[in-house]
Structures are given as C-alpha cells and as structure tokens.
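Colleague: Could you zoom in on one part of this model for me and talk me through the contacts there?

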Amino acid sequence: MLNFVFHNPTKIIFGKGTISQLAEEIAPDKKVLMTFGGGSIKSNGVYDQVKKALCGYTLFEFGGIEPNPRYETLMKAVAVCKDRNIDFLLAVGGGSVLDGTKFIAAAVDFKGADPWDILEKHAPVESAIPIGSVLTLAATGSESNGFAVISRESTKEKLAFASQYTFPKFSILDPQTTISLPRRQTINGIVDAFVHVCEQYVTFDVDTPLQARQAESILLTLMEIAHNVLDQPDNYDARANLMWCATQALNGLIGCGVAHDWSTHMIGHELTALYGIDHAQSLACVMPAVWRHQKNNKGHRLIQYANRVLGISSGSDGEIIEQAISKTVDFFHSLNMPTRLSDYAIASDRFDEIASRVIGHKGKLGEHAVIGEQEVVDILNLAL
Ligand code: NZQ
Ligand code: ZN
C-alpha cells in the first residue's frame with residue numbers, strides 16, 4: 001500500500017428535510033453570502049427552504065454562477081465578499097456552485113496579485129473563508145472534498161486546485177432536492193461518479209484489497225441503481241443511494257494508498273473548455289479510449305473489474321479486457337450517454353492543440369506518467 005494522509009473534515013448531514021437544520025451549523029453572528037447558479041433553486045423550492053432556515057441571519061446573495069464556473073463571474077463575488085465583510089459562504093447548488101464558492105473563499109483571502117495564480121501557478125492557498133453547502137446534484141463529490149475546477153472564458157482554460165481550507169465545513173444532502181434535475185444532469189451524475197471510481201481503481205495493484213472492494217462496491221451499486229433513478233426520477237431511495245455513491249466516489253476514502261490515474265479527467269477538462277460539452281460527456285468519450293490505449297498497463301485491474309464488477313470470466317486475457325471496455329461502453333449507452341467525440345461533431349483538427357495544452361498544464365498523465373502529447377493525440381483519435 002502507498003503512504004497516505006486521510007483527513008476529511010466535512011460533516012455530512014444527509015436525508016429528507018435536512019435543509020431546516022442549517023441554522024445549527026452557522027453561528028448567528030456570521031455575515032453569510034449565499035451563492036447559487038442560474039435559478040434552479042428558485043424553481044424547485046430549495047431557495048425558499050434555505051431562506052426560511054436562515055431567517056434572522058445577515059444574508060446576502062450572489063446568483064448566476066454558471067455550469068463550469070467562470071473566473072470572470074467568481075471575481076465579482078470576491079468583490080462582494082470584500083465589500084460586505086462576508087465571513088461565511090453558503091453554496092447552494094451542484095458541483096459548479098460548490099467549486100466556484102471554494103474559489104471565491106480562497107481568492108478573498110489570497111495575498112498574491114491575482115487569484116488566478118492559484119489555478120495556473122499552483123500558488124499556495126494559506127486560508128479561506130469557511131464554506132458550507134446545500135448540494136442539489138449528485139455527481140462531483142465536491143460536497144466532501146477540497147477540489148475545485150474553474151474555467152476562464154477569456155483563455156478557454158479549465159484548471160483545478162485543491163486545498164485543505166476549501167473542504168466545506170458541512171454539506172447538507174437532501175436527496176429530494178435532486179428530483180427536479182433534468183434527465184441529462186442525472187445521467188451526467190451517474191457517469192461522473194462512475195469515472196471518479198475508475199480513475200482510482202483501474203490503475204495498477206499495490207496490494208489494497210479493501211480499497212479495491214470499496215471501489216467495486218460503488219461501481220456495482222451505481223450499475224444496480226442507475227436505471228431505477230432514470231425510470232423513477234421521484235424514487236427517493238434511488239436518489240438517496242445515487243447521492244451517497246457520488247459522495248463516496250470522491251471524498252478521499254477509496255483513494256487512500258492506491259495509484260491514481262486522472263488522465264481521463266485532465267483530457268476531458270480541455271474538451272469542455274474548448275467545445276463546451278458537459279464534464280461527464282467528455283469523460284464517457286475519453287475513458288474507454290484511455291483504457292484501450294493503456295490496456296497493457298491497466299490489464300490486471302481491467303481483468304479484476306471484468307471478473308468482479310461485470311461478471312466476465314471466460315476468454316483469454318485480451319478478450320476479457322476487450323469485453324470489460326465494451327461492456328462499460330454499453331453501460332454508458334444504456335443511459336443514453338454518447339461515447340464518441342464525433343457524437344458532438346468534434347473532429348481531429350484541434351487534437352494537437354488539446355494535447356499540447358493538457359500536457360503544458362499538467363505534465364505527463366496517468367498512473368505511470370507515460371501519457372505525453374503524442375499519446376493524448378492517439379487517445380483522442382481512439383475516442384473519435
Ligand atoms: O445553475 P442552475 O440553475 O442551478 O442549474 C444547474 C446547471 O444548469 C442544474 N441543476 C443543479 N441542481 C439542480 C439543477 N437543475 C434542477 N434541479 C436541481 N436540483 O444542473 C446544471 C449543471 O450543474 P453543475 O453544477 O454544473 O453540474 P455538476 O454537479 O455535474 O458539476 C460539474 C462541475 O464540477 C466539476 C466539473 O468539472 C464541472 O465544472 N468537477 C468538480 C469536481 C470536484 N470539485 O471534486 C470533480 C469533478 O470531476 C468535476 O471536474
Ligand atoms: Zn469528474
């Protein structure tokens with residue numbers, strides 16, 4: 001097992017009606033800025049529940065955080081925080097609102113010249129305004145981690161940072177809030193959580209049977225419940241199980257002591273930045289291509305995944321690996337999630353540029369750090 005530190009300070013408050021507990025988590029003397037997205041919380045009643053729960057608080061609002069939250073917008077919220085002396089941020093929404101709020105929290109306290117340096121130059125985050133969240137979309141795990149992914153519209157960049165200071169102090173997860181999700185966002189959430197597990201599991205074995213089984217159990221559960229959620233969108237238990245899977249997929253636990261990949265995510269972020277496809281849509285195209293390209297390096301784990309998650313046991317190693325990839329693609333297709341870049345009318349004309357951008361931002365990718373520019377181009381061609 002590899003060395004690790006596991007420190008997840010986020011308190012999770014899970015279940016029906018839990019938004020009403022907000023006031024127990026935020027000191028009454030705090031000046032709170034509630035952040036949210038394009039308005040879904042106003043039409044599904046979440047906004048009213050938050051306002052009611054925080055009645056009597058000094059509460060300001062900042063709406064309009066976009067999917068794939070933009071630096072340009074978030075800097076406006078930073079100005080509001082400074083102007084109003086905000087000392088608590090409450091993010092109400094999906095991963096984009098949570099990530100955007102983490103950036104706001106870090107940027108307000110940032111001592112350097114430009115908070116973009118946190119993303120581009122890995123400038124250290126030394127403090128941040130405390131954050132709480134009310135999650136309305138099960139997907140990213142942002143409710144229980146310190147990561148944030150921020151886009152810059154002017155340069156078409158999409159970059160991530162992580163800090164111990166940007167873990168939410170608490171996250172309220174009421175699965176009822178996710179019933180209003182458009183089908184496409186529910187599908188995105190299933191695929192994002194699935195790929196988060198794969199990035200930490202379909203790598204190489206370092207003798208971690210517990211973490212392997214934890215990862216497999218999340219994959220099996222996602223496959224088992226995916227169609228229940230889609231066929232019965234208002235089934236509370238199906239929603240609740242999806243929400244807890246998504247949190248577990250990226251709250252750090254299954255990643256303890258194991259080899260991580262994340263090449264699918266890094267390549268996917270560039271595709272979203274350039275073409276605007278949803279985060280999960282990019283992952284569903286890239287991951288099967290990464291697996292095909294890296295099947296020698298990932299062969300042992302792909303066979304384990306085929307055996308234990310997909311129930312495939314007969315055939316040569318090569319046949320089992322191929323089936324593992326094609327059955328995963330079948331699973332995505334069964335959700336109506338496309339798996340080809342050509343499904344989004346993306347052609348190969350900018351593959352060199354994408355490869356140079358991602359390697360420029362991240363260096364060589366993958367659990368063995370063997371994916372350089374040419375390999376990224378090859379992977380993108382496999383995803384066409
Ligand atoms: O903006 P509003 O009006 O709220 O609408 C949102 C948005 O249009 C809508 N929505 C959210 N909850 C809803 C709802 N609509 C109806 N009912 C609800 N209950 O859904 C749309 C998408 O929301 P968004 O927050 O963008 O989706 P998601 O949670 O999938 O977040 C994606 C972002 O998270 C980043 C991605 O790169 C992307 O920017 N990621 C963050 C990670 C992390 N922090 O750990 C890891 C991930 O790998 C990912 O990179
Ligand atoms: Zn993701």
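**Buried rings and the ligand shell**

Modeller: Let's start with Phe194 and Phe332, which are both buried (under 20% relative accessible area; exposed is over 50% and partly exposed lies in between, with a 1.4 Å probe and protein chains only). Keep in mind that this is a predicted model, where local features need pLDDT of at least 70, side-chain atom pairs count only at pLDDT 80 or more, and totals for chains, interfaces and linings use all residues. Residues count from 1 along each chain as its sequence is written, chains are lettered from A and ligands numbered from 1 in the order written, and side-chain values use heavy atoms, leaving out hydrogens and water.

There are ten aromatic pairs here (Phe, Tyr or six-membered Trp rings with centres within 6.5 Å; planes under 30 degrees apart are stacked, over 60 edge-to-face, the rest tilted). Take Phe194 and Phe332, an edge-to-face pair with 5.8 Å centre to centre and 80° between the planes. Phe194 belongs to helix α6 (residues 183-201) and Phe332 to helix α12 (residues 317-334), so this pair ties together parts 138 residues apart in sequence. Helices (H or I, at least four residues) and strands (E, at least two) are DSSP runs numbered from the N terminus.

Elsewhere, Tyr71, Phe103, Trp116 and Phe161 make up one aromatic cluster. The ring of Trp116 also has the charged end of Arg152 sitting over it, 5.1 Å from its centre (NZ of Lys or CZ of Arg within 6 Å of the ring centre and within 35 degrees of the ring normal). Lys42 does likewise with Tyr47, its charged end being 4.7 Å from the ring centre.

Helix α6 turns up again around ligand 1: along with α4 (95-109), β6 (147-152) and α9 (263-275), α6 supplies at least two residues of the shell. That shell has 32 residues, and Gly38, Ser40, Gly95, Ser96 and Lys158 come nearest (a heavy atom within 4 Å makes a residue near).

As for atoms, a backbone N or O of Gly95 is 2.7 Å from a ligand 1 oxygen. Polar side-chain atoms do their bit too: one of Ser142 lies 3.3 Å from a nitrogen of ligand 1, and one of His265 lies 2.8 Å from an oxygen of ligand 1.

Away from those, His300 sits in helix α11 (residues 295-308). His300 is exposed, at 52% relative accessible area. Its C-alpha is 7.1 Å from that of Phe204, although 96 residues separate them in sequence.

Key: Polar contact = N/O pair within 3.5 Å; in protein donor to acceptor, adjacent residues only side chain to side chain.
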